[in-house]
Protein chains: 2
Amino acid sequence: MKLTILFGGASFEHEISIVSAITLKEKLSNFELNFIFCDQDHTFYLINASKMRATTFSRGEYKKMPKLTLSHGSFVQKSLFGSVDISGTVLNLIHGGDGEDGTIAAILDFFSIKYIGPRVDASVFSYDKRYTKWLCHARGVKCVESQELSSSEHSNIKIAYPIIVKPSRLGSSIGVSIVKDESKLDYALDSAFEFDNTVIVEPFLEGVKEYNLAGFSAGKKFYFSIIEEPQKEEFLDFEKKYMDFSRSGNVDSAEISKELESKLRASFEKVYKNLFEGALIRCDFFVVNGEVFLNEINPIPGSMANYLFDDFGGSLKLLANSLPHTKRAKVTYEYIHSISKAKGK
Amino acid sequence: MKLTILFGGASFEHEISIVSAITLKEKLSNFELNFIFCDQDHTFYLINASKMRATTFSRGEYKKMPKLTLSHGSFVQKSLFGSVDISGTVLNLIHGGDGEDGTIAAILDFFSIKYIGPRVDASVFSYDKRYTKWLCHARGVKCVESQELSSSEHSNIKIAYPIIVKPSRLGSSIGVSIVKDESKLDYALDSAFEFDNTVIVEPFLEGVKEYNLAGFSAGKKFYFSIIEEPQKEEFLDFEKKYMDFSRSGNVDSAEISKELESKLRASFEKVYKNLFEGALIRCDFFVVNGEVFLNEINPIPGSMANYLFDDFGGSLKLLANSLPHTKRAKVTYEYIHSISKAKGK
């Protein structure tokens with residue numbers, strides 16, 4: 001199968017996107033892969049598969065590779081001798097800004113390029129943690145209570161310590177701190193506000209169980225990964241997560257009851273249905289006294305959570321063959337015609 | 001002031017966008033205007049101001065005009081002799097799909113083109129009536145109770161007749177019906193589902209007062225239009241709305257108390273703040289027993305609701321000088337560098 005991996009982006013998660021792409025190159029060795037890199041200036045480059053290593057990007061060597069432009073139906077490589085379409089479904093693997101905030105989704109939709117990844121509305125609801133909570137409320141999925149702060153009102157935390165402070169719109173634990181008492185609050189807020197002008201404060205739940213579940217729907221059926229109990233530290237900081245993005249080996253299923261598994265899957269479906277079609281997402285849940293809380297939606301999980309799927313390649317193929325169709329309006333000029341007639345013009 | 005009016009789009013509201021653009025050409029005669037047309041195939045054309053009449057589009061004459069491409073910072077006209085940037089802030093005047101669903105916003109953001117109009121997240125919350133209700137709930141603004149139907153479950157209306165049936169994602173009353181009793185339900189649902197796969201059902205409130213208020217924020221201050229009590233018919237159908245989009249004369253303020261005016265403005269601010277910055281929007285409210293309900297957000301109102309502003313040109317200038325800045329992440333390669341070092345490479 002042909003697949004074009006689109007990665008990079010002008011985002012704080014630019015580097016982990018590169019790591020994800022390199023990981024998938026290994027994992028999808030039986031696919032016919034193209035690699036398109038979006039640099040921080042929003043220029044697209046076609047990267048030769050043999051050059052898919054971190055230093056190609058960190059040393060700026062990608063700049064010598066062919067630039068691509070957007071055209072109807074595909075990215076295009078133009079040269080003096082004509083132009084070549086980069087065909088194949090795109091896998092949007094740009095983590096964070098650009099990729100997960102709806103920008104790339106809108107561009108691919110506009111140019112009628114088929115892609116795996118969240119659509120614009122799904123992106124908005126997963127990228128901003130405030131809106132994820134609105135989604136949860138509307139769809140009857142529990143989530144942790146929270147307080148929203150905007151840069152002008154640094155104080156008045158209504159939630160009991162310890163608390164967790166997060167920029168409202170970043171993933172990969174960037175700018176996130178656990179604050180045990182008020183003396184550390186200002187520093188945590190400064191770190192978070194460095195990345196966003198809205199910050200979310202939540203109670204830091206100690207001793208909570210954490211479970212990650214990935215999945216997607218294809219042909220109106222849900223396909224789930226195994227459920228993982230992620231490595232337990234207070235939380236993964238950016239460097240650890242970074243390493244996490246290069247995971248490709250398989251992991252063990254969490255030892256949980258069938259009942260809890262069903263609950264996690266049911267919550268996943270409520271979040272996903274009529275919104276995330278076309279995307280393979282990972283939902284990270286907390287479980288407290290048997291109750292399931294959605295912590296976070298990763299609409300483009302690190303290395304696509306490949307390590308959670310028995311048959312990752314097969315799963316991507318299923319999804320690629322079941323992408324949502326955008327109904328594009330057919331433009332007619334009936335009103336203009338009828339008005340012109342009425343005016344006798 | 002230079003302003004580029006972007007209009008058209010592959011949308012059911014394509015024609016009314018043309019009408020809006022023609023109306024603004026007259027209204028903004030002291031601006032230095034450019035006109036960019038997006039046709040139904042998503043190709044951009046530079047339209048000579050003297051050709052800004054409906055038949056240029058309905059007869060396909062625009063196809064003879066120069067094509068434009070997207071480039072960093074502006075639309076560009078390329079020719080054998082080089083390329084010319086179409087400079088000036090863009091006014092996104094594409095109503096409905098493309099313009100109001102976040103697509104154009106994402107594209108302009110990606111290419112760092114300054115624009116007046118809703119950003120991606122604001123678009124998602126105003127374009128889909130389901131999400132407008134979530135926004136209302138989260139921000140303490142009252143809205144009419146509703147029921148969501150998806151194409152598979154045509155029946156079981158829990159709301160008492162008469163009801164109003166609307167596609168969840170279209171403006172300008174397209175596909176909207178008032179249903180007085182169950183016998184007319186199927187026809188109304190069929191009409192609505194023709195335009196979207198999700199439909200909203202609301203009680204049809206008879207004898208309700210309707211008020212429209214437009215406004216924007218600039219430099220952290222709110223600027224409001226007069227409040228209009230729109231022409232009272234059961235509701236405006238597409239043809240009447242279409243004529244409505246060409247309004248340019250001024251209208252009278254509704255005769256309402258100072259108290260109600262304050263309530264309407266307060267609801268507007270709650271909806272707008274931290275979401276619609278950069279856009280001039282019109283909120284359509286219902287008032288029932290002195291209580292204010294948000295009916296609809298028009299993030300790109302017909303002809304920009306120019307007829308509601310005493311000094312429309314001055315208002316646009318104020319807004320254009322106060323557009324939100326997108327903080328773009330600076331990409332560093334510190335993790336890749338540190339990992340390469342650790343590996344001794």
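**Note on a predicted two-chain model**

1. His14(B) lies in helix α1 (residues 14-27) of chain B; helices (H or I, at least four residues) and strands (E, at least two) are DSSP runs, numbered from the N terminus. The structure is a predicted model, in which local features need pLDDT of at least 70 and side-chain atom pairs count only at pLDDT 80 or more, while totals for chains, interfaces and linings use all residues. Residues are numbered from 1 along each chain as its sequence is written, chains are lettered from A in the order in which they are written, and side-chain values use heavy atoms, without hydrogens and water.

2. Is His14(B) buried or exposed? With a relative accessible area of 1%, His14(B) is buried; buried means under 20% relative accessible area, exposed over 50%, and partly exposed in between (1.4 Å probe, protein chains only). Contact is defined as heavy atoms within 4.5 Å. Apart from neighbours within four places in sequence, the contacts of His14(B) include Val331(A) and Tyr333(A) from chain A, and Gly8(B), Phe37(B) and Asp39(B) from chain B. His14(B) and Ile226(B), by comparison, are 212 residues apart in sequence and 28 Å apart in space, C-alpha to C-alpha.

3. The relation between the chains deserves attention. A rotation of 180 degrees, with 0.0 Å of shift along its axis, superposes chain A on chain B with an RMSD of 0.0 Å. The two copies are therefore related as by a two-fold rotation axis. The same surface serves both copies, since 100% of the contact residues of chain A recur in chain B. The superposition is by least squares on the C-alpha atoms of residues with pLDDT of at least 70 in both copies.

4. Chain A has ten helices and 16 strands. Its radius of gyration is 22 Å, close to the 20 Å that the globule rule gives for 345 residues, so chain A is as compact as a globular protein of that length. The radius is taken over C-alpha atoms, and the rule is 2.2 Å times the number of residues to the power 0.38. Along its principal axes, the C-alpha trace of chain A spans about 70 × 60 × 45 Å.

5. Of the 345 residues of chain A, 60% count as buried. Among contacts in chain A with a separation of 6 or more, 68% join residues 24 or more positions apart.

6. Helix α6 (residues 185-193) of chain A gives a local example. Its buried residues include Leu185(A), Ala188(A), Leu189(A) and Phe193(A). The buried residues of α6(A) pack against four strands of chain A: β9 (147-150), β10 (163-167), β11 (177-179) and β12 (198-203).
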